[in-house]
Amino acid sequence: MSTVESALAPAIALSKEELLRDYRIGWESRQASLAGRKEVFMGKAKFGIFGDGKELPQLAMARAFQVGDFRSGYYRDQTFMLAAGELNLQQYFAQLYAHPDVEADPATGGRCMNGHYATRLLDEDGNFKPQTSSKNSSADISPTAAQMPRLVGLAYASKLYRQNPELHGFTDFSVNGNEVAFGTIGNASTSEGMFFEAINAAGVLQIPMLVSVWDDHYGISVPAEYQTTKQSISEIMAGFQRNGPGEQGFEIFVVKGWDYPALVETYQRAAELCRREHVPVLIHVTEVTQPQGHSTSGSHERYKSKDRLAWEQEHDCLRKMRQWLLKEGYATPEELFQLEDEAMDAVKKARSAAWQSFFNPIQQEREELAKLLERLAAEAEKPNNLHKSIEHLKQHPTALRADIIRTARRALRQVRGQRSFARRELQQWLEQATADNADRYNSYLYSQSEQAALNITEVKAEFAPNAPQVDAREVLQACFDANFRRDPTIFAIGEDVGRIGDVNQAFAGLQAKFGELRVTDTGIRESTIVGQGIGAALRGLRPITEIQYLDYMLYAIQILSDDLATLQYRTKGGQKAPLIVRTRGHRLEGVWHAGSPMGMILNSIRGMHLCVPRNMTQAAGFYNTLLRSDEPAVVVECLNGYRLKETIPQNVGEFTVPLGVPEVLLEGSDITIVTYGSMCRIVLDAARQLAKVGISAEVIDVQTLLPFDVEHLIVDSIRKTNRVVFTDEDVPGGATGYLLQQVLDEQQAYQYLDAQPRCLAAQPHRPPYGTDGDYFSKPNAEDVFDVVYELMSEADPKRFPSIY
C-alpha cells in the first residue's frame, strides 16, 4: 500500500496554464453545486445531489483519463465530467431541470436526476460509434455500489481485446486493450456486498480497473465508525495488495483529497500501472469534505459536530489549492479572484441559458393551448367553465407539460358530444402533444434500431431425413459451437461453464476448441457475472453469462433490473448492452432447484426480453435470434429437459425463432390452454387424457413472456373455444396473473368467454425435495385435467358429470 503525501510540495509537471485551468474548472463546478441547490429550493428542480468537496481528486483523475477509457461512476462526478470535456455547464443545469431532449441533456434526455452522467455511445441509427477516439462514460444509476459489477465488465473487455488475437481487428473498440475502466464510489457504499464482490472479481481476473473511493467520513448522516471496519477501506483491503510486480492482486494508494500535487502524482502513477500491466488499482482518497451535505433533502448541520464542520471548512480542497497556488507563486491573489469571478459568471450564464432552453418550449405550448381554449370557449354550444381554465393556465408562472396536458384533457370533458371546428382542432393538438410526450418520456424501453430482436428475420429449422435423436443438450452444444465459429466477439462465462462445459454439458468441449478466453469459468458471484457481461457488451462484445439456476437470479436481479433493463431507456437510445443471460429452471425436485419465479422476473426486467422455451431446439432458435439482435435477454431453459431426446437441425446455427409469437402445439375446439416451458409437456399429457373423455383442448405455448404475443394470436383461439385456462409453475398470481391481464385486458378476449377464465399455478411455497414433493407442489396432468373438466362440466353437466 502506498500513501502519497506531498504536503503540498511544489514538484509537479504541469504548466501554470494547466494549473489555473484546473482551478477554474474546480470553481465552476463548485458554483454549479451552490447554484443547483438554490434552484431546487426555488422550485425550479425536484431534487439535487452535488459533487462539491470532490473537485480536486476528480480534476486529477481527469488528467489520467485518456481517449478510449471508460468511466463507471456515481452521482457526484460532475467535476470529472467537466474536466474530461464530456459535460458542459449548460448540460449540467439541463439535467437538473429534467430537460427531455438529448441535445440539451445528452446523458439521459431528462430521464435521470442530476448527477447521472453518460456519453452517447450510439449513433442515430442505434449503431456503436468508435470508442477509441472518444472519452467514454457508461450511464450512471442511483443504487449504491451498483456501478461496480458493470465496472468489472468494462475492464474485462480490455483484457479480452488484448489477449484474444481474434479481436485485434476491432480497433473501434480497443487498441490492444490499453483502455482503463475508472470507477468511483463513496466510502459508505463500499459497505455493500457488490463492492466487495467486484473487488474480488477484479483481483482474480487481473484487469485494468481503477477504483476511486471518495472518503468524506459519512454515509448521509451515519459516520464511518458505523460503516467500515477500522474506519478505512484501504486498511481492510490491505490483504489484496500484491507483494510485488507480476503477482496477482491490487495496488492500493492512499492520498488526501485536498492535496492537489499528490493527487495528480497518484493518478498518473496508478493509471499508467493499470494501463500497462492490467493490474487493478484502488485509490483511497481521504479527508474529503462535503460542504452542502448529502443532498437537498436535508442539512448536514443536523448530524455533524461544530468541530467537524470547522475542520471541513479549513480542509476544503479548493481553499487548499488556492493556498498552494499562492505559496508556490503560480498565481497572484488578483488572478485567482478573477478566475473565481469568471467561474461564477459562467455558471450564471449557463444556468440562465439552460432554463430558457428548457422552459421556453413549454411556455410556447402553454400559449398555443390558451389560444385553442379561447376559440373553443367562443364556439361552445353550452355554458362552461373554460374561461377559468384559460385564466388559470395564463396565470400559472411555471406551468409544466403535465399542467398543460391536464388542462387540455379536462377542457375536452366540458365540451364532450359537441361538434365544432375548435373542438376538433384541440383534439388534434392533444393527439400530437401526446405523441411528442410519448417520445420524450416513454420511448426506447427497447431498441428502436434495425437490429432490434423483433426485426430479426425468421429462419425455419431444417431437419435431415432420418436424422437421429440425441440428448437435447447436444442441440444447444451444436448451436453454441456454430455461433462461436461465426462471431469472434461471442464469449461465455459462468460457474462451471469452462472445463466441464456447464453442469448440463451444453458447452461441453467448447473451451478446448475455442480457448479459455471464449468459454470461461467464474467464481460463485452472480451479481458480477452479470455485471461482467454488461460492461463487455457496452464495449462491443457479445457475452453469454450463465446463472446456474433460476433461483440464483435473485443475486443478480437488482443489477439486471436497475442497470441492464433500463439502459436504453435511461439514455434515450444512447447506450446498449446486448447481453444474454442464460439460466435454467422450472421443474425439478427441491426448494432451491425448482424455481419458476417468473412474475418476479418479468415485472423486474422490463426493457429486456424473457424467453421461456419448452425444449432445447426452441432455446437454440432464441439464441440464434438474440445473437443477431442488439437487445438484452434472459433465456430460461427447462432444467429437466437436457436428457430428453431431440433432433439437431441441419441449420442449427442459422435458424431463428421469432420473439413474441406463440405456437399452437395442439389444435382443439372446446377450450384453450395457455402455458410455457416445462408445463407444455404436462399440458399435452393432460390434453391427451381429456381427448379420451371427449374434450378437445387447444394447447398454446407462449414461448416468450417479454414480448408477449405481439400479434394477439391467443385471442383468435379463445374466439373459437370461448374458454381459457392459464397454467404455469409460478406462485399463484405470479406469471398466470400476467398472462390473464395480457390476454383478457390487452387483447380484450373477455368478450369471447362463455365461462370464467381459470388460472392454475403452483402452490405458494417451493416444492419439497423428491418426486412426491414435485407432484404435490406444482401443477400436474391430473390438476390440468380436473380444471378443464370442471369448466366443461359447468357448461354441459349431463355429458360431463362430476368426478368427485
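The model is predicted.

Helix α1 covers residues 16–41, and helix α2 covers residues 55–64. Their axes come within 10 Å. They cross at roughly 130 degrees, and α1 and α2 are therefore oblique to each other. The crossing of α1 and α2 is right-handed. On the α1 side, the contact is made by E18, R21, D22, I25, G26, S29 and R30. These meet E55, L59 and R63 in α2. Of the residues in this contact, six are charged, two are polar and two are nonpolar. In an α-helix, residues three or four places apart point the same way, because there are 3.6 residues a turn.

A right-handed crossing also joins α10 and α11. Helix α10 spans residues 317–327, and helix α11 spans residues 333–379. The two pack at an angle of about 145 degrees. Their axes lie 10 Å apart. From α10, the residues R322, L325 and L326 take part. Their partners in α11 are P333, L336, F337 and E340. The contact of α10 with α11 holds five nonpolar and two charged residues, with no polar ones.

Helix α17 contributes S527, V530 and I534. Helix α18 contributes I559, L560, D563 and L564. By class, five residues of this contact are nonpolar, one is polar and one is charged.

Helix α5 is considered next. It runs over residues 147–163 and has 17 residues. From its first C-alpha to its last, α5 reaches 25 Å. This is close to the 24 Å expected at 1.5 Å a residue. Helix α5 is also mostly covered, with 16 of its 17 residues buried.

T3 has a relative accessible area of 55%. The cut-off for exposed is over 50%, so T3 is exposed. T3 and K256 are 253 residues apart in sequence. In space, their C-alpha atoms are 9.0 Å apart.

Methods:
Residues numbered from 1 in each chain as written. Predicted model: local features only at pLDDT ≥ 70, side-chain atom pairs only at ≥ 80, totals over all residues. Heavy atoms only, no water. Contact = heavy atoms within 4.5 Å. Helix = DSSP H or I, 4+ residues; strand = E, 2+ residues; numbered from the N terminus. Nonpolar A, V, L, I, M, F, W, Y, C, P; charged D, E, K, R; others polar. Expected span 1.5 Å × (residues − 1). Buried < 20%, exposed > 50% of the residue type's maximum accessible area, 1.4 Å probe, protein only. Axes fitted to C-alpha atoms, helices over the stretch in contact; angles between N-to-C directions. Parallel < 35°, antiparallel > 145°, perpendicular 65-115°, else oblique. Left-handed = near helix turned anticlockwise from the far one by under 90°.
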